[in-house]
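Here's a quick briefing to read alongside the model. Take a look at the structure first, then come back for the notes.

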Amino acid sequence: MSVKNQIIITMVITVILVATSVLVSNIVLFSRFVDSNFENSLERATLEVLNEISILENNVAHLAAIYFANDPILINAIETGNNDALIGRTDELFVETGIELFTVTDIRGRVIAQPHSPDFVAFYLTAMRSVRHALMGGVPVTTVEGGSAVNLMVSASSPIFGTYGEVIGAVLVGFRLDTNEFVDRHRHITGAEVAIFRGTEVIVTTLENQNGQRAIGAEAPEDIRQTVIFGGETFLGELTFLEQNMIVKATPIFDAYGNVVATLFIGHHLTEKASVVQSFIITGALLSALFLVISTLIIRFISERIANPISKKLDQLHLDALTGIHNRRYFDEKLVQMIEPLSRSDVMISLAMIDIDYFKRYNDVYGHGEGDRCLKMVANALTKTVVRNGDFVARYGGEEFVAVFPNTDEAGAHVVAQKLVEGVYNLNIPHRENEASDRVTASVGIVTIHAKHIESIDKLVKHADELLYKSKQNDRNRYTHGNIRPPT
């Protein structure tokens, strides 16, 4: 064999060994990358479902129950025994608010009005703990619970008090979690399979049996039984369910009393992972054989192409990358979710716009690195002001923040606005170019309005922004409050 051929063979063998080593190494790394992103996808999908349940519990159902229980027409109908008036009023409230479940009971827990779908049929609701609590005159309770008529729902119960302060009945409102529409919607949003177990059996799911029917009644895998259902902890890992290999996150759903009432199951089929990895191996092998010199760039390109859908989902997260608090997207979506169910109620909402005074000068003097650090500290100080469920702060853009305080009237708005101003001032961050003080300060504009009088979120924000401008005109480091009066 000639020296030329020996050199060619040696080089070919060397290149093949190097290319094979690189390809195998990249396959291993890519497989880990896929595993990590599948787990992140499960986490995001779980948070998406639990966030909706939390909003229904803490905002919509709770406030609706209180609103219905204090309706004067409904109270008068119960006290006078006017069934026609009672049924008529409950029908009106049901249509106006869009609540899925709405039931009124007398003092014994007997159902006296139930305008919603006949899917929920019951004569006495005393088996439901929240209703018993309401009939005893307790504060309104919002929880996740099930019964003989509905497998699982977010429910809120509130006592109905008569003219002389006595309990004359109870209101139960709620939203079903055991419907195909609920799980199908979240599958469409997240791309993951969704199931909910009550006890050890599936009550609703997107998964199908081999006969193509939804797997209602399927028994929970042993790992989920021991870890989640009986142990009350979260399970994350691979398992076989309905003869399908899956990577799964299963999370307990607790009621208001700390009991596990259901299990949320989110999963991806492992065939999805295998398909992604297999596509990568085939493509990588072909490209390595044809383009050995640029194989690393091609593999990186393919990886980026595969990762793009995951990156787009990550972009939808509701956290600001710099400060770690909620971002503008979260504010826009959360406020719509909060206001729409309350648009016909008498609940007060306060909204504050906050701006760091002379922040451009701060960046010019101290540099953008210190500017970023200042933004983080201010964001942290502002979040300490929101201590109640439902309150939240978000970064609106640049050095501007927005805070929302539901169930906060004019007096409460003055209190929280002062805390926002003092919270930034007390950080004691030096700012020698601040004409309002020798430290970093903030100006605030806060507006208070009845939820039912809100015309649009843009107008609400604009009004708060105008009040913020007044604070800036009046030497800054202060707040300005205003009310939006209903149209006459």
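How do the residues of the lining of the largest pocket divide into nonpolar, polar and charged? There are 14 nonpolar, 14 polar and 13 charged residues in that lining. Here Ala, Val, Leu, Ile, Met, Phe, Trp, Tyr, Cys and Pro count as nonpolar, Asp, Glu, Lys and Arg as charged, and the others, Gly among them, as polar.

Keep in mind that this is a predicted model: local features need pLDDT of at least 70, side-chain atom pairs count only at pLDDT 80 or more, and totals for chains, interfaces and linings use all residues. Residues are numbered from 1 along each chain as its sequence is written, and side-chain values use heavy atoms, with hydrogens and water left out.

**The largest pocket**

- The volume of the largest pocket is about 1,200 Å³, taken as the space filled by probe spheres set on grid points joined across faces, edges and corners.
- A pocket is an open set of points on a 1 Å grid over the protein atoms alone, where a 1.4 Å probe fits, with protein on both sides within 12 Å along at least five of seven lines; lining residues have an atom within 4 Å of a point.
- Of the 41 lining residues, E48, N51, E52, H318 and Q337 are the closest to the centre.
- Helix 1 (3-69) gives the largest share of the lining, 13 residues, and strand 5 (167-176), helix 5 (180-190) and helix 9 each supply at least two.
- Helices (H or I, at least four residues) and strands (E, at least two) are DSSP runs, numbered from the N terminus.

**Aromatic pairs**

- You'll find 10 aromatic pairs here; rings of Phe, Tyr and Trp (its six-membered ring) pair if their centres lie within 6.5 Å, with planes under 30 degrees apart stacked, over 60 edge-to-face and the rest tilted.
- One of them is the tilted pair of Y67 and F68, 5.8 Å centre to centre with 45 degrees between the planes.
- Y330 and F392 pair edge-to-face, at 5.4 Å and 90 degrees, and they link helix 9 (residues 328-339) with strand 12 (residues 392-397), 62 residues apart.
- Both Y330, at 11% relative accessible area, and F392, at 4%, are buried (under 20%, with exposed over 50% and partly exposed in between; 1.4 Å probe, protein chains only).
- Ring pairs also join Y330, F331, F392 and Y396 into a cluster.

**Charges over rings**

- R129 has its charged end over the ring of Y257, 3.7 Å from the ring centre.
- R476 does likewise over Y358, at 4.1 Å.
- To count, NZ of Lys or CZ of Arg must be within 6 Å of the ring centre and within 35 degrees of the ring normal.
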